[in-house]
Amino acid sequence: MDQEEPTELTEEMKSWMLKAFQMAQDALENGEVPVGCLMVYDKQIVGKGRNEVNETKNATRHAEMVAIDQVLDWCQKNDKSSTEVFENTVLYVTVEPCIMCAGALRLLRIPLVVYGCRNERFGGCGSVLNIANDDIPDTGTQFKCIAGFQADKAVEMLKDFYKQENPNAPRSKVRKKE
């Protein structure tokens, strides 16, 4: 099923998304769920990330969290207010942020998230919960999402990952018939 490309994306936005897909490819090649992202402030990448969950054995090391850490480092090195930077940063990510990441983005007041495919299992931007737009008092600000850029490609990358054996997955407790 082909998904239509979002018409709201500028050529610049499409270019940032292609770079996020390069990060996702890097994740896939390194045995991680293929999600890649960039955080762009003032037309420059201030943070980028790919999933590092298997590599670090830390379930919180999603692409967005890795990028957030980089933005914080960038702000410190460049004597910038992280609040001001996050409030003017666009996140480009290949897969809809999960509930955890969407919550973090909301607390940081990220105004816009551009993503590829929906995350039907854990999505925090409408697929499972709508952290992005729900009226949740005292939890940051709502953010806009533009979904669907090369969604089919993002889904294919996820399928490629799940076809392979994940060496860090827990062993199945189900006995196989002999």
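A disulfide is taken here as a pair of cysteine sulfur atoms within 2.5 Å, and by this rule the count comes to zero disulfides. The structure is a predicted model, in which local features need pLDDT of at least 70 and side-chain atom pairs count only at pLDDT 80 or more, while totals for chains, interfaces and linings use all residues. Residues are numbered from 1 along each chain as its sequence is written, and side-chain values use heavy atoms, with hydrogens and water left out.

**Cysteines**

- Cys 75 is buried, with a relative accessible area of 3%, where buried means under 20% relative accessible area, exposed over 50% and partly exposed in between, computed with a 1.4 Å probe on protein chains only.
- Cys 117 also counts as buried, at 1% relative accessibility.

**Salt bridges**

- The structure holds ten salt bridges, each defined as a side-chain nitrogen of Lys or Arg within 4 Å of a carboxyl oxygen of Asp or Glu.
- One of these joins Asp 26 to Arg 50, with the closest N and O atoms 2.7 Å apart; Asp 26 lies in helix H1 (residues 11-29) and Arg 50 in strand S2 (residues 44-50), so the pair ties together parts that are 24 residues apart in sequence.
- Helices (H or I, at least four residues) and strands (E, at least two) are DSSP runs, numbered from the N terminus.
- Within this pair, Asp 26 is partly exposed at a relative accessible area of 30%, whereas Arg 50 is buried at 9%, and Asp 26, Arg 50 and Glu 55 are linked in a network of salt bridges.
- Another salt bridge connects Arg 61 with Asp 69, the closest N and O atoms being 2.9 Å apart; Arg 61 is buried, with a relative accessible area of 17%, and Asp 69 is partly exposed at 34%.
- Lys 159 forms a salt bridge with Glu 156 at a closest N to O separation of 3.7 Å, and both residues lie in helix H6 (residues 151-163), three residues apart, about one turn of the helix.
- Both ends of that pair are partly exposed, with Lys 159 at 45% relative accessibility and Glu 156 at 39%.

**Nonpolar core**

- The largest nonpolar core has 50 residues, and those with the most contacts inside it are Met 39, Tyr 92, Leu 105, Val 113 and Val 114; such a core is a set of buried Ala, Val, Leu, Ile, Met, Phe, Trp, Tyr and Cys residues joined through side-chain atoms within 4.5 Å.
- Elements that each supply at least two residues of this core include H1, strand S1 (36-41), helix H3 (63-77), strand S3 (89-95) and H6.

- Asp 160 is found in helix H6 and is partly exposed at 37% relative accessibility; Asp 160 and Leu 28 are 132 residues apart in sequence and 8.2 Å apart in space, C-alpha to C-alpha.
- The largest pocket is lined by 25 residues, of which Val 33, Asn 119, Phe 122, Leu 158 and Tyr 162 lie nearest its centre; on a 1 Å grid over the protein atoms alone, a pocket is an open set of points where a 1.4 Å probe fits, with protein on both sides within 12 Å along at least five of seven lines, and lining residues have an atom within 4 Å of a point.
- The largest share of this lining, four residues, comes from H6.
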